[in-house]
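Please read them with the model open.

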Amino acid sequence: SARAGGRPAAACDVEVRLALPATRTPLRAGTEVRVRGEWVQGTRPVIRGAWPEDPTYAGFVSASSPVVLAPSSGVAHPLLAARGAMEARIHRLFGRQGPLADALLLGRRETLDPALRQSFAASGLVHLLAISGAHVALIGAILLLAARACRLSHRAASWAAIGMVAVYLAVIGAPPSAVRAGIMLALALLARILQRPSAPMASVSAAALAILAVDPMAALDAGFQLSFAGVLGISLLRGAMLKQVPAAWRAGKWRRPLVESMVVSVAAFLATAPIVAFHFGQVAPVSIVANLPAIPLTSLALIGIVVSLVLEPLFPPLARLVADGAGLAMDGLTRVVDAAAAMPYGHAAVDPPPWPLWAAAAVAFLVALDLAGGLQKRVRWALAAGFASLAWLALPGFAPAGGGGLELDFIDVGQGDAVALRTPAGRWMLVDAGPRDERFDAGEKRVLPFLRARGAERLEAIVLTHPHADHIGGAAAVLRAMPVGRLIEPGLATGNPEYVQTLEAAARHGVRWTAARQDAVMRLDGVELDFLWPRPALLDGNPDANEISAVIRVRYAGFTALLTGDAEAPAEHEMVARYGGALHAELLKSGHHGSHTSSTEEFVDAVRPELAVISVGRRNRYGHPNEDVLERYARHHVRVARTDRDGTVTVRVAPDGSWARAQP
């Protein structure tokens, strides 16, 4: 609750994300987190969501007392307490496989090993970790069998299954994909109770209407979109695709289920691939084949997990035996996932689908199909396909031509640096690539999605100012995912993992390496990059990485920007002595994230910028930007833009040299 004058002023009910130290044991569901503090409203979300505006990360709690953890209250929060008890039982039964069992049954992924999560994503099997149709149907079937084993009638067993599935969905937090499956299962069982026929498409429509009536924003959820796209793809495409399979292939005890499984996998892939590409920037055709062993193994594991949880309070030895069997299935699933993720050309990074082109092609297809109604079937379809292809290819030609000019994008990557430059000819360069740790890779999560959304398919150069993880951490992911012409960096001999992996990725993809040295110049499409630092002699000693941070002067049509990396006061002093007033620039990327070690009085006075951009993470532990630096900018009448408050900062320079910061 917010307080005013010591009294509660208003109550609030919001979702708050708590970041725990990596070494701490994950909290069980239902654990109460008590902290006294003040809610600080953010100026805007760090990352803008899709329309309507996503309120995520609208602010933060500034704690004024230590965080206190209390056990779950089963009376106040019975569902959370039940989930917490299930989590404890899962980890007690499954040990090292507890995180995967937790993900399969309860949808909790944060305890899963990051490398395994990445393998699921690369193999296209991440849907197995989302509670959706297969999970809910399997759990419903288990509940029906259990009810029948208790000698309940068909009617009573169906009602019991509906009720227990509803409780299960409430316990796991009712994600849209699971709710969709639960509603469809309930409608199928109700039709059975009433002895009425059920239409699959009507059930899908009813599920969508029910979910959107309660939460219209669910339509923006990736799980909602993928769940409905998958079931619609299977419903609409399966029958038509099976008809195209030769009858001989569908005959036999083993061939028919194998062919049907393959057809279902292809149908689901075709329906969901554009959505996966849009949200996650990749597609994995290998999932079509990987689903064949992965889905049965998941089903076996899920059955074993549920049965062992039920048996554990009654017959602990038998529960452990069943859990061991489920563990074998999970080991097999992990092997399938790892093999599919390692398959050459099994997955690929892609640009987000151009939805206007898809829409235009679809409209052209339907119109041509309608107008050719009097022609033979094959001719109609060929004509419609031709018009759709024509619309797809021709529409970009009617787009207004770009105005040219230079664009600089200071990408919001948290506590780190990443600057994208687009030349007047539409070619791209990248200066630094953001941080990476065991939980977050800015190259994968921020830089690549930004570049793909802007239509970048290649980078002419990546410049890495110095080998600190907050600047080069995301570079390996970028080098793996996108063609790069040249890698430019100081070449300081260091063995930190991020630097080694960056060089290995560059060598593997044949990227040329160039040393960043003072007086080196790179020119591209009228844009000139002058390297003002480091001096070659600095590399002969054993300098700190910040001492040799590359400083780049970007010039175009009379406009100048100075990108300073993490260069500190000694480097600034030497550059002022060497270049003097030639350091003047309209735009300054503030050195070292606005730290007191940079942006000295003499340097700011020499540069005389109109705008300073500070790339910095929200509530970072370093206290960046420093208050003295901000006051210094204010004394020099320098406007300040900050990625922690403003998100990605974009500056556009026209061919005549005029420039402006793009409004967020």
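1. S599 sits in the loop between β19 (587-589) and α19 (601-607); helices (H or I, at least four residues) and strands (E, at least two) are DSSP runs, numbered from the N terminus. Its phi is positive, about 55°, although S599 is not a glycine. With a relative accessible area of 1%, S599 is buried. Here buried means under 20% relative accessible area, exposed over 50%, and partly exposed in between (1.4 Å probe, protein chains only).

2. On the source: this is a predicted model, in which local features need pLDDT of at least 70 and side-chain atom pairs count only at pLDDT 80 or more, while totals for chains, interfaces and linings use all residues. Residues are numbered from 1 along each chain as its sequence is written, and side-chain values use heavy atoms, with hydrogens and water left out.

3. A174 also has a positive phi, near 50°, and is a residue other than glycine. A174 belongs to the loop between α5 (154-171) and α6 (176-194). Is A174 buried or partly exposed? Its relative accessibility is 36%, so A174 counts as partly exposed. Not counting residues up to four places away in sequence, A174 touches L169 and V179, where contact means heavy atoms within 4.5 Å. R108 is 66 residues from A174 along the chain, and the C-alpha atoms of the two are separated by 12 Å.

4. Two peptide bonds are to be noted as cis. One runs from W533 to P534, with omega near 15°, and P534 lies in the loop between β16 and β17. The other runs from H624 to P625, with omega near -5°; P625 is placed in the loop between β20 (611-614) and α20 (627-635).

5. N546 is in the loop between β16 (527-533) and β17 (551-556). Its relative accessibility is 6%, so N546 counts as buried. Which residues does N546 touch, not counting residues up to four places away in sequence? They are H466, H468, D566, A567, E568 and H592.

6. The largest nonpolar core has 54 residues, of which F94, L104, L105, F120 and I305 touch the most other members. A nonpolar core is a set of buried Ala, Val, Leu, Ile, Met, Phe, Trp, Tyr and Cys residues joined through side-chain atoms within 4.5 Å. At least two residues of this core come from each of α1 (78-94), α2 (98-106), α3 (114-123), α4 (133-149), α5, α6, α10 (287-311) and α11 (316-341). A second, separate core has 31 residues, including V431, V463, L529 and L611.

7. For F120, leaving aside neighbours within four places in sequence, the contacts are L100, L125, V126, L128, L129, L333 and V337.

8. F224 is part of helix α8 (residues 222-243) and is buried, with a relative accessible area of 8%. Beyond residues up to four places away in sequence, F224 touches P176, I211, L212, A218 and A219. The C-alpha atoms of F224 and G304 are separated by 27 Å, and the two residues are 80 apart along the chain.

9. Turning to the whole protein, the secondary structure comes to 21 helices and 23 strands. The radius of gyration is 29 Å, close to the 26 Å that the globule rule gives for 664 residues, so the protein is as compact as a globular protein of that length. That radius is taken over C-alpha atoms, and the globule rule is 2.2 Å times the number of residues to the power 0.38. Along its principal axes, the C-alpha trace spans about 90 × 75 × 50 Å.

10. How many of the 664 residues count as buried? The share is 45%. Of the contacts between residues at least 6 apart in sequence, 67% join residues at least 24 apart. The accessible surface comes to about 33,500 Å², and 61% of it belongs to carbon and sulfur atoms; the areas come from the Shrake-Rupley method with a 1.4 Å probe, and for residues only the protein chains shown count as cover.

11. The protein has 64 positive and 56 negative side chains, with the centres of the two sets 13 Å apart. Lys and Arg count as positive and Asp and Glu as negative, while His and the chain ends are not counted; the place of a charge is taken as NZ of Lys, CZ of Arg, CG of Asp or CD of Glu.
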